Amino acid sequence: MSELRIAVPRGALFADTLDLLDRLGLRTSEVRANDRKLLFDEEGIVTMRPSDVPTYVEAGVADIGVTGKDVLMEQSERELYELVDLGYGRCRMVLATVAGPDRAAEALRRLGVMRIATKYPRVAARYFLQTGRQAEIVEVKGSVELAPVLGLVAADQLHPRLQQLARLAALRALVPAPESVDSVVADIIAAVRSGGDEALNEYIRALDTQGADPLPLRVGDQELETASAELDPLVRDGLKATIENVGRVAELSLDEDRTARFGSHRVAVLSAPVDSAAVYVPGGRAPYPSTVVMGVVAARVAGVREIVVCSPPGGDGDVSQLVLGACGLTGASVVYRMGGAQAIAALAYGTESVAAVDVIVGPGNLYVQEAKRQVSGRVGIDGFAGPSDLVVVADGDVEPELVALDLLAQAEHGPGTLVLAISSSSSLLDALDSILNGGPETGAVSGLVEVSDLEQALGLAQALAPEHLELVGAGSEQLASRATHAGCVFVGANAATAFGDYIAGSNHILPTNGAARFASVLSPANFRRRYTEVAIEDPAALARTGAPLARAEGFELHARSMEARIRENH
């Protein structure tokens, strides 16, 4: 074991640093060969993010470290100094934004300040001070996974729950945090709310139809009938089967009205459907007729009278014929050619052509979800849906090809998607690693996590609270009754997540980004509201008990209101 421990940064400096250590006579072959391992005791090397190197050196966990000057410039409060400039890893810091309109310049013009997210707040603040531009600096930090492992915080000083949360933070940090679009969306909502159809169509022309004049907002009934009739027969059969299966499962979630009876009164808990609801169907990456089914069928089973669907039009001004055909088959009441934050604003506040609804559900991009968040309270929403995620907990005695295929299938959802396999089997993870490396590039983030046993795997899965959780292998399947923190749990090697996305009958509009800890799958409950009904025959006993409570809270007239119902002889 080496007497000197060196902190080596992963990322851009990794290969050059290992080459340097090779020239100094240290062995780095195992470090190069193992992407998942962090601590290499025999070599005296610990790997981490460049931004974490100063922390571990200052604490004495590592004797010496290699990192970038950009990181050191952030460490003015630490007792650290630069020994030598190694002469590699030159980089340039840039100010980047989303391709298209210059949002930073627009924010500066409109608000007088830019919001900048960076791992280097001191460097960024110094730059903007020198250039005379106002900026709100938001610091973005990395993982704390190594802290209990290396002794920066002793493992026995951390509650097991905190150790689990540290690892959870590391896994969630694999997916970059989304950009902030709240101010842009607020502007869109305000414009549509005040400008109505004119503003709505301007946004459609600018963002959806690529400058072409939009078609009428509302799709005609005959257009829906034609789209349904012209569906490919196999697609139509698949949609009809999905409609039936989703409907049967949705009916299981309907609650019965119940009544509690007391000596002199009764209280009933009742439910009723909202009057109108809208289902947002994305259209950016591909048409999603299955999402039409998931949303419209759940609303229909709930008893909603007016079910609206909206979906963004393409460059030709129209919505996908697949989506329109599904709208016809499911019996959607109204279909609108509109998408994005502007569609959510129209549905929440109404325009000359779009009637306001009571509830808005459905997936969509960051602008759509932020718009839903901003109008919640004005209307009900199903939740804030982020990118998709899948966690597979697997034994060693499973077919790695099937597990890998499920991970790759979910990765098709593209950038921001997180797919993880958790197992105590190194051989399974190695096999998955080989297969996944040969898969298509989708922009999704994948991870392979080795644990000591299935209990640890379950604990991590519960903490992650994924949108989809697959339990594959005899041992993993035994965990099903305790796997409660997931949007949908798929049990067994045959239960691929893809079945739930389409045909099984479970709803594919699910909580994401860990929200399955508290949120639920889309169901008729999203379209129904619970309320109570109270009937009192003899109020005397209730009044004598309730009035003192009202006075204790300072509400004298509440007390009198109850006492006024007390009749003589009671």
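Of the 570 residues in this chain, 42% are buried, where buried means under 20% relative accessible area with a 1.4 Å probe, counting protein chains only. The model is a predicted one, in which local features need pLDDT of at least 70 and side-chain atom pairs count only at pLDDT 80 or more, while totals for chains, interfaces and linings use all residues. Residues are numbered from 1 along each chain as its sequence is written, and side-chain values use heavy atoms, with hydrogens and water left out.

The chain holds 22 helices and 19 strands, which are DSSP runs (helices H or I, at least four residues; strands E, at least two) numbered from the N terminus.

In soluble globular proteins, nonpolar side chains tend to be buried together. The largest nonpolar core here has 36 residues; such a core is a set of buried Ala, Val, Leu, Ile, Met, Phe, Trp, Tyr and Cys residues joined through side-chain atoms within 4.5 Å. Helix H12 (289–302) is among the elements that give two or more residues to this core, and H12 gives the most, with nine residues. Val292, one of the residues with the most contacts inside the core, touches Val281, Val297, Val323, Ala326, Cys327 and Thr330, leaving aside residues up to four places away in sequence, where a contact means heavy atoms within 4.5 Å.

Towards the end of the numbering, the axes of helix H21 (residues 540–552) and helix H22 (residues 556–563) come within 7 Å and cross at roughly 170°, the axes being lines fitted to C-alpha atoms over the stretch in contact, with angles from 0 to 180 degrees between N-to-C directions. H21 is therefore roughly antiparallel to H22, a term for angles over 145 degrees.

Key: Buried means under 20% relative accessible area, exposed over 50%, partly exposed in between (1.4 Å probe, protein chains only). Angles under 35 degrees count as roughly parallel, over 145 as roughly antiparallel, 65 to 115 as roughly perpendicular and the rest as oblique.
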